[in-house]
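Here is a short note for a first look at this model. Please read the points in order.

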Amino acid sequence: MTITAGIDVGTGAVKTVVFDVQDGGAGEIKWLSRQTEKIRQRDPHRLAREAFDNALEEAGVTQEDVAYIATTGEAESLDFTTGHFYSMTTHARGGIYLEPRAGAILDVGALHGRAIIIDERGKVLNYRMTSQCASGSGQFLENIARYLGITQEEIGGLSKVADAPEKVSSICAVLSETDVINMVSRQVSTPNILKGIHLSMAGRLVKLLRAIKMKEGTVLMTGGLALDTGLLAALNEEMIGQKVSVEALSHKDSIYAGAIGAAIWGAFRHEKLAKIGALPLAS
Amino acid sequence: MKNTSEIIEYCQELYEDIDFTATRKWKDADPARKVVGYMPVYVPRELMHAGGILSLGILGGGDSMEVIHGDAYYQSYICRIPRSTIELAVTKRLDFVDGMLFPSICDVIRNLSGMWKLLMPDVYVRYFDTPQNFISGIGGDYYVNELRELKEGLEGIIGREITDDQIRNSIAVYNENRRLVNAVYDFRTAEPWKAPSWEVYLLMRAGMVLPVEEHSQLMSDYLAAAVSEDKPMRDNCRIILQGSFCEQPPLNLIKSIELSGCYIVDDDYMLVTRWLLEDVPTDGDPLVNLSEAFIKHSGETAAKYVPDAADKGKFLINAVKDKAAEGVIFAAPSFCDPALLDRPMMAGALSRTDIPYISFKYAENSGQMQPIREQAGTFADTIKLWSEAS
């Protein structure tokens, strides 16, 4: 039994998981607990510590029981961890754990979108990510929802009942917001605005997949927007529109993909280091 | 006893002070005191010390100084260190310096020495041309003559002769300083989590502005404190950083590499502190001894010619083996001809020995660390997860 923890500090939320992993990830992987905390202008590092403590309690273990505390995302400088993995590496491994058929991962978070081609081991083979602009990201969508007076949970459902969506700029968040203001003044319905945004985001994400030569198979959505059913639907529409034979899926635990990957890679490293007698000690 | 945080806090104050207050204070304490500045990579600081001169390492203006005048002196395709060094000069931050040495790093620094002569006609300026021939009777003799001319120049600054005994004494002082520098580096190689590279960097930077005796004491204190402090070991990969021997990266870059999951177990920052690989003898002709040390027992960097092409890269490969490093990060300043022209040869040597590496560029005022974190982070992951050796 190797207990490992994964802590993913994202831009919008902290996700923590605790696992019992056999054979460095090659054997049974048992999920013991999970915690999600929206950051909401709080100190993400303090939040990560709290989320980690809560996850340990839920799993019924103590920190001393944890063989490897792995971080990912913006958690490099947490002072109680064993090791850090880059977010692309962890989303790839977490993605293949959640959906073994996945040949690619679409990690769509608060500030960027990233398409990652992976192999069956969760090894990153190629990737492309959106540029610096927040357009086409969760943060942008969250802002628009606030302007439109709806909750984030309502976005997906409303988007799916749209009947005449209008696309917005997918390059620049400022231009996109101007587009949305124009639509509101033209009395375009909220569902059509949201679907238009989803289609614009989806179009950009499908282009990323095409850029890394993902032409067929299954892609798993991870990151903060993975549970946005409207975006998922728009993605599959765009796949058809851009003649890409790829099915986009999500998983109820997709938002944990980074933390899951970190925990599993942590177990892998623990086993590898144990073999050569070079185990680091988490403080 | 001071702890490492207190020592490093002091070093950081020195590092951030682009007015060189500590050196100015040293000079102001005695009207007879003189200061001679030098650029990377190597100058024989022993000669300055023997004349009672404080040698001041000038490594550009860093990321806190806005370059306005300096840009007027150089084309846009030239690196940043000469611009910010000019900026230091024209903003009077180096007005207390009695002499400047410009070692033979590259054409840009050679041109800078010419500009310095025009800008400051009353200051002793020397383009210090180190040998690129490593036969004692040829390059060695030439270098002894260079050292003699430098000694005479320094004697002109202080107005008296520098004796052989004074040089021998200074050689001993710097032998001790190098032993401590190497001890700090060895300690970091053995337990990098106890001596983070950004701390070691600041510690070595302090040696650029402090008298050598003070710097030696500082390193001794740091080692004593670092050994006794308990810091958690992380599961990081071990890498060697190459290419930063002249223009320095911002401190955040060094921190970013470590945060990304890499322990830096060797680097080429401030090579002047450990350019000579063995103690210089303290008996016999001191200039010949300094020359022989350079010719036969000095480090390797892009600014030094390697006569046999088959040997190119061996120094780095040996360092990888000696330091048990798992990879190399080539981090060179933008437009640095020596580092960037050297890189393909070094990278080729690494490829032939299956040592993984990545490359990126920076400037001393680089502010965006995300791309560097991404590259260093994925590199660390690749080594930790997919390398057979790791």
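1. Axes here are lines fitted to C-alpha atoms, for helices over the stretch in contact, and angles run from 0 to 180 degrees between N-to-C directions. Helices (H or I, at least four residues) are DSSP runs, numbered from the N terminus. This is a predicted model: local features need pLDDT of at least 70, side-chain atom pairs count only at pLDDT 80 or more, and totals for chains, interfaces and linings use all residues. Residues are numbered from 1 along each chain as its sequence is written, and chains are lettered from A in the order in which they are written.

2. Start with helix 8 (residues 197-209) and helix 10 (residues 251-259) of chain B. Their axes come within 9 Å and cross at roughly 150°. That makes helix 8 of chain B roughly antiparallel (over 145 degrees) to helix 10 of chain B.

3. B:Ser197, B:Trp198 and B:Tyr201 of helix 8 meet B:Leu251, B:Ile254, B:Lys255 and B:Glu258 of helix 10. Contact requires C-beta atoms, placed from the backbone, within 7 Å.

4. Is B:Phe20 buried or exposed? B:Phe20 is buried, with 22 other C-beta atoms within 10 Å (buried needs 20 or more, exposed 12 or fewer, partly exposed in between). B:Phe20 sits in the loop between helix 1 (4-16) and helix 2 (21-28) of chain B.

5. Leaving out residues up to four places away in sequence, B:Phe20 touches B:Leu56, B:Arg93 and B:Val209. B:Arg93 is 73 residues from B:Phe20 along the chain, yet their C-alpha atoms are separated by 7.5 Å.

6. Finally, the two chains. Their contact takes 14 residues from chain B and 18 residues from chain A. Helix 14 (residues 370-386) gives the largest share of chain B's side, seven residues.

Methods:
Helices (H or I, at least four residues) and strands (E, at least two) are DSSP runs, numbered from the N terminus. Angles under 35 degrees count as roughly parallel, over 145 as roughly antiparallel, 65 to 115 as roughly perpendicular and the rest as oblique. Two residues are in contact if their C-beta atoms, placed from the backbone, lie within 7 Å.
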